Amino acid sequence: MWLSARIGCYSISISRLPTSSEICHGVKIILALADYLRHLKYVTASKLLNSATFNRPFVMWSSSKFLRALSTDPKLIRTLKCDTAKRSKQRKIIRIVMVRHGESEWNSKNLFTGWYDAQLSRKGILEAEQAGYTLKKMRICFDNAFTSVLTRAIETLKIIQDIINHKGIPVYKSWRLNERHYGALTGLNKAETAKQYGEEKVKVWRRSYDVPPPAMKPGHPYYKEIVEDMRYKHDPPRNAFPMFESLKLTLERTLPYWDKTIWRQIERGKRVLVVAHGNSLRGIVKKMENLTDEEIMAVNIPTGIPFQYLLDAQTLKPIYPTRKYLGDPDVVRKATEAVVSQGKAKK
Ligand SMILES: O=C(OP(=O)(O)O)[C@H](O)COP(=O)(O)O
């Protein structure tokens, strides 16, 4: 190798002395490289050049000479960026960030929402913005993002992407990340339901692992709107379209997507952002933290506050056993308590 350089986790190898015509193209290459890295890492071209370190100390070139040494010949320049395997090895820790969408209009009215496509409330938009600013302040970057097919999650993701300047990353949407289907409870007020059926019953419907809510029947006010929604035209199949879901049933359709799609990306060293829902995320939390069916009952996820898992890049095991919220602990505690209180009977 004539020269190899490392810039952060990216490497450039130049196989031989460039010819004079190759040197002419150098500027174009470095600009393309700077542009690529700026997209991924927010570095400017000058920072990029200043941080270049060469593995042959005697070839400590100035930036301008380095510029001129680059060429458009792909055989000459072996690598412009490290492959993901190399990156994940260099990165000792892999971060996964998840966030429940910002407050929806139905959250603000304390209604069971499930598969009803509620919009973000004004407060929910602000929560999504705050989530974006938190990630921006921490300089957290992502390679791709995953969300449900419900507007409140998609909009939250868009707001975050805008703020952290990640509009270009691939976004994958799947109904498998949808909120649990709340069946016949969809559209009912939680506090009024607790008054009618008792707080204990509502707690079982909201938080038990395998007790489902009553099924949504064709006469239900939101039946047609959900079943005939064009976003479900092809998937889930008609004969498997849910009419209710316990957390267990939710997890049974979320987990294959987590394992086969999201986790594969994580294994390849990709930094993923998952924007989903209170209960679809509780399912993933159960799996990540290895919680029992009883332990998951106590987990409540507030809207719009990102949380992360840090994994050892070699073993892919979480470094800390529980999720860490990226927010003021007091705010997180109050927001979590507020979620619990939603099931208290109306006085
Ligand atoms: O649709 C819902 O969740 P979402 O607002 O996260 O999409 C549910 O109404 C959440 O309610 P729960 O916290 O009583 O399970």
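1. The protein has 14 helices and 9 strands; helices (H or I, at least four residues) and strands (E, at least two) are DSSP runs, numbered from the N terminus. This is a predicted model, in which local features need pLDDT of at least 70 and side-chain atom pairs count only at pLDDT 80 or more, while totals for chains, interfaces and linings use all residues. Residues are numbered from 1 along each chain as its sequence is written.

2. Of the 347 residues, 34% count as buried. A residue is buried if 20 or more other C-beta atoms lie within 10 Å of its own, exposed if 12 or fewer, and partly exposed in between, with C-beta atoms placed from the backbone. Among contacts with a separation of 6 or more, 79% come from residues 24 or more positions apart; a contact requires C-beta atoms, placed from the backbone, within 7 Å.

3. The largest nonpolar core has 40 residues, and Ile96, Met98, Val272, Val274 and Val275 have the most contacts inside it. Such a core is a set of buried Ala, Val, Leu, Ile, Met, Phe, Trp, Tyr and Cys residues joined through C-beta atoms within 7 Å. Elements that each supply at least two residues of this core include β4 (93-100), α12 (247-267), β7 (272-276) and β8 (307-312). Apart from this core lies another, of 11 residues, among them Trp106, Phe112, Trp115 and Ala118.

4. Ile96, leaving aside neighbours within four places in sequence, is in contact with Ile266, Val272, Gln308, Tyr309 and Leu311.

5. The ligand is surrounded by 14 residues, the closest being Thr113, Glu179, Arg206, His277 and Gly278; a residue is near if its C-beta atom, placed from the backbone, lies within 6 Å of the molecule. By class, this shell has 2 nonpolar, 8 polar and 4 charged residues. Ala, Val, Leu, Ile, Met, Phe, Trp, Tyr, Cys and Pro count as nonpolar, Asp, Glu, Lys and Arg as charged, and the others, Gly among them, as polar.

6. Glu199 is found in helix α10 (residues 199-207). Glu199 counts as partly exposed because 15 other C-beta atoms lie within 10 Å. Not counting residues up to four places away in sequence, Glu199 touches Ala194, Gly343, Lys344 and Ala345.

7. Some backbone geometry deserves a check. Most residues other than glycine have a negative phi, and most peptide bonds are trans. A cis peptide bond joins Asp235 and Pro236, and Pro236 lies in the loop between α11 (223-227) and α12. Asn165, in the loop between α8 and β6 (171-173), has a positive phi near 60°. Leu316 has a positive phi of about 60° and sits in the loop between β8 and β9 (324-325). Leu316 counts as exposed, since 12 C-beta neighbours lie inside 10 Å.

Notes:
Contact = placed C-beta atoms within 7 Å.
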